[in-house]
Amino acid sequence: MPVPHDIEAETELWDTFAESAFKDDAEPSFCWTQYAGHGPGPELLGNPRSVLEIGCGTGRALAFLARSGVEAHGVDLSPVMVKKCSERWADTGATFDCGEVLEWLADCQTTYDAVYSIFGAAWFTDPSRLFPLVAARLNPGGVFVFSQPPAIPGAYGPQGMYKGGFAGKAMFTYRYSYKPAVWERHLRRAGFTSVEADVVDAPTPGHIGTLLVRAWSAA
Ligand SMILES: C[S@@+](CC[C@H](N)C(=O)[O-])C[C@H]1O[C@@H](n2cnc3c(N)ncnc32)[C@H](O)[C@@H]1O
């Protein structure tokens, strides 16, 4: 049974996040994990001419790719975040759209060499609806890569999560958590021909690792 996403309420929540997470003095940077400088880098995207980041947040990863000559486009639910990104990263050539990822992808006519999410929309969106839409926007041989925290053992599927404390107005999102083998099954079902899902260990033993998933469309 699908969870009842309230996109208007989620937009308000992410607008609040944008006000605190966006730092005007931050520089472009690209990291799949929650630990700066840890884990693999943009090479996981192959050598793309064009990329789409879904749930691009602060836009730092897109700015990094745009500066290295990639045609870099992002979509994010938060109008506040998209306004900040569009102004801050204008000189890099990265471009940004505001939209809910499922609606935006359903309307999109462009295809990309790579689509990716770093703790972004792939974490907050039902994979059975998202993955077929992503697959349709990839060029032949294109890659879809995403990272996010691994599932907590025994807690699988959509996980409701309050934001901003447990008193006052109820603000919450849903995050989607599965074991790596289940992510792989979702991706194959969406038409990806080759898939890999693993957990990258944290730099400190016993700390939270990072789920890293890659899927390729047929060449
Ligand atoms: C944890 S933050 C982004 C992390 C990002 N990698 C960064 O560096 O800022 C998650 C982002 O996903 C966006 N998001 C959440 N649900 C979304 C949806 N359904 N469609 C598009 N964007 C979404 C939020 O607005 C937010 O900016």
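1. Contacts first. Two residues are in contact if their C-beta atoms, placed from the backbone, lie within 7 Å. By that rule V115 touches L52, I54, V134, R137, L138 and F144, not counting residues up to four places away in sequence.

2. Basis of the note. This is a predicted model: local features need pLDDT of at least 70, side-chain atom pairs count only at pLDDT 80 or more, and totals for chains, interfaces and linings use all residues. Residue numbers start from 1 along each chain as its sequence is written. Helices (H or I, at least four residues) and strands (E, at least two) are DSSP runs, numbered from the N terminus.

3. The sheet. Seven strands form an open sheet with mixed pairing, in the order β3-β2-β1-β4-β5-β9-β8. Its edge strands are β3 (95-98) and β8 (194-200), each pairing on one side only. Strands pair if DSSP finds at least two bridges between them. From one strand to the next, the twist averages 15°.

4. Helices on the sheet. Helix α3 (residues 79-88) packs on the sheet and touches β2 and β3. The direction of α3 makes about 165° with that of β3. Helix α7 (residues 180-189) also packs on the sheet, touching β8 and β9 (210-216). The direction of α7 makes about 155° with that of β8. For these angles, axes are lines fitted to C-alpha atoms, for helices over the stretch in contact, and angles run from 0 to 180 degrees between N-to-C directions.

5. Strand pairing. β1 and β2 run parallel, joined by 5 bridges. E53 stands opposite G74 in β2. Strand β1 (residues 50-54) also pairs with β4 in the parallel sense, over 3 bridges. There, L52 has V115 of β4 as its bridge partner. On to β5 (residues 138-148): β4 pairs with this strand in the parallel sense over 6 bridges. I118 stands opposite S147 in β5.

6. Burial of β4. Is strand β4 mostly covered or mostly open? Mostly covered: 7 of its 7 residues (112-118) are buried. A residue is buried if 20 or more other C-beta atoms lie within 10 Å of its own, exposed if 12 or fewer, and partly exposed in between.

7. The core. The largest nonpolar core has 54 residues. A nonpolar core is a set of buried Ala, Val, Leu, Ile, Met, Phe, Trp, Tyr and Cys residues joined through C-beta atoms within 7 Å. V51, L62, V115 and F144 have the most contacts inside this core. Its largest share, 6 residues, comes from helix α2 (residues 60-67).

8. Helix α2. This helix is mostly covered, with 7 of its 8 residues buried. The buried ones are R60, A61, L62, A63, F64, L65 and A66. They pack against β1, β2 and β4. After α2 comes G69, whose phi is positive, near 95°.

9. A backbone point to check. Most residues other than glycine have a negative phi. F119 is not a glycine, yet its phi is positive, about 55°. F119 is found in the loop between β4 and α5. F119 counts as partly exposed because it has 19 C-beta neighbours inside 10 Å.

10. The ligand. How many residues surround the ligand? There are 18, and W14, G55, G57, L77 and V101 are the closest. A residue is near a molecule if its C-beta atom, placed from the backbone, lies within 6 Å of it. β2 (71-76) and α5 (121-124) each supply at least two residues of this shell. By class, the shell has 9 nonpolar, 6 polar and 3 charged residues. Here Ala, Val, Leu, Ile, Met, Phe, Trp, Tyr, Cys and Pro count as nonpolar, Asp, Glu, Lys and Arg as charged, and the others, Gly among them, as polar.
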